[in-house]
Amino acid sequence: MMKSLLLLGLCMALLDVAAGDSEELQALVDELNTIKTSVNKLLEKINSSMSSCCKVGQPLPCANHYRNNEIMDNWSGFSEVALFVYKNNMEVHHVTFDAIDSTFMNWLNKSRIKDSTWTDITSEPANVFSLYGQQKLNLRRTFFLNSNFLSCGDTTGWFVAIDNERGGCSWEKNTAFPVFKYSTANTKMNWNSSGIDTADYFAIYVH
């Protein structure tokens, strides 16, 4: 994007020199000015959106998924990583993990848990507990912190990010995706129960 702006600026400078009284060249200069203005407005919009997306606890607009490329592409030297769940811009739950010798894909592991607001998350069994979650057939359950699954009506867990409307269970259905579901209690809950709510967003912090 920045290279495009530099090229536009160079073209405009050359045209300014050569234009003189040429109406045709002046029209081209005006068109390039219009394009430059549009590009600048687009860049401002993108920068504003990304700035909002990397802030939590504030009622700021964010229409995009935020990924810190520097951290994700150079994952090393961290001692802790935490998953925080937010509703109405307030933290509702979190899990902190030991990040020593972890990768950006395997830090979310039950054996690495250091503390959590879900008090039973270390003592209760877990059949799926990973960032990858379940990705098969029509299932798109990521960041899946699940305790047990006997059937769609008899499954319990703590948190899940769902990114597919074709999931096999009714508790996966929603009007928009992705959707982030979590247990509102301090323990795991049945995914079909009233103790499950939808989070506004979740964030990953490293230290």
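Predicted model: local features only at pLDDT ≥ 70, side-chain atom pairs only at ≥ 80, totals over all residues.

Biologist: In which order do the strands of the open sheet lie, and what is the sense of their pairing?

Modeller: Two strands count as paired when at least two bridges are found between them. Here, four strands make up an open sheet in the order 3-2-1-10, and their pairing is antiparallel. Strand 3 and strand 10 (201–206) form the edges, each pairing on one side only. On average, neighbouring strands in this sheet are turned by 20 degrees against each other, direction ignored.

Biologist: How many bridges join strand 2 and strand 3?

Modeller: Three bridges join strand 2 and strand 3, in the antiparallel sense. As one instance, Val95 has Ser116 in strand 3 as its bridge partner.

Biologist: Where is Met105 placed, and why is Met105 classed as partly exposed?

Modeller: Met105 sits in the loop between strand 2 (90–98) and strand 3 (113–116). Met105 is so classed because its relative accessible area is 37%. Together with Phe104 and Tyr132, Met105 forms a nonpolar surface patch of about 300 Å² accessible area.

Biologist: Which residues does Thr122 contact, leaving aside its neighbours within four places in sequence?

Modeller: With those neighbours set aside, Thr122 touches Lys110 and Ile113. Thr122 belongs to the loop between strand 3 and strand 4 (128–130). Because its relative accessibility is 49%, Thr122 counts as partly exposed. Thr122 is 10 residues from Arg112 in sequence, and their C-alpha atoms are 9.6 Å apart.

Terms used: Residues numbered from 1 in each chain as written. Heavy atoms only, no water. Patch = residues over 30% accessible without salt bridge, like charges linked within 9 Å, V, L, I, M, F, W, Y side chains within 5 Å. Areas by Shrake-Rupley, 256 points an atom, 1.4 Å probe, with all protein chains shown as cover. Salt bridge = Lys/Arg side-chain N within 4 Å of Asp/Glu carboxyl O. Helix = DSSP H or I, 4+ residues; strand = E, 2+ residues; numbered from the N terminus. Buried < 20%, exposed > 50% of the residue type's maximum accessible area, 1.4 Å probe, protein only. Contact = heavy atoms within 4.5 Å. Axes fitted to C-alpha atoms, helices over the stretch in contact; angles between N-to-C directions.
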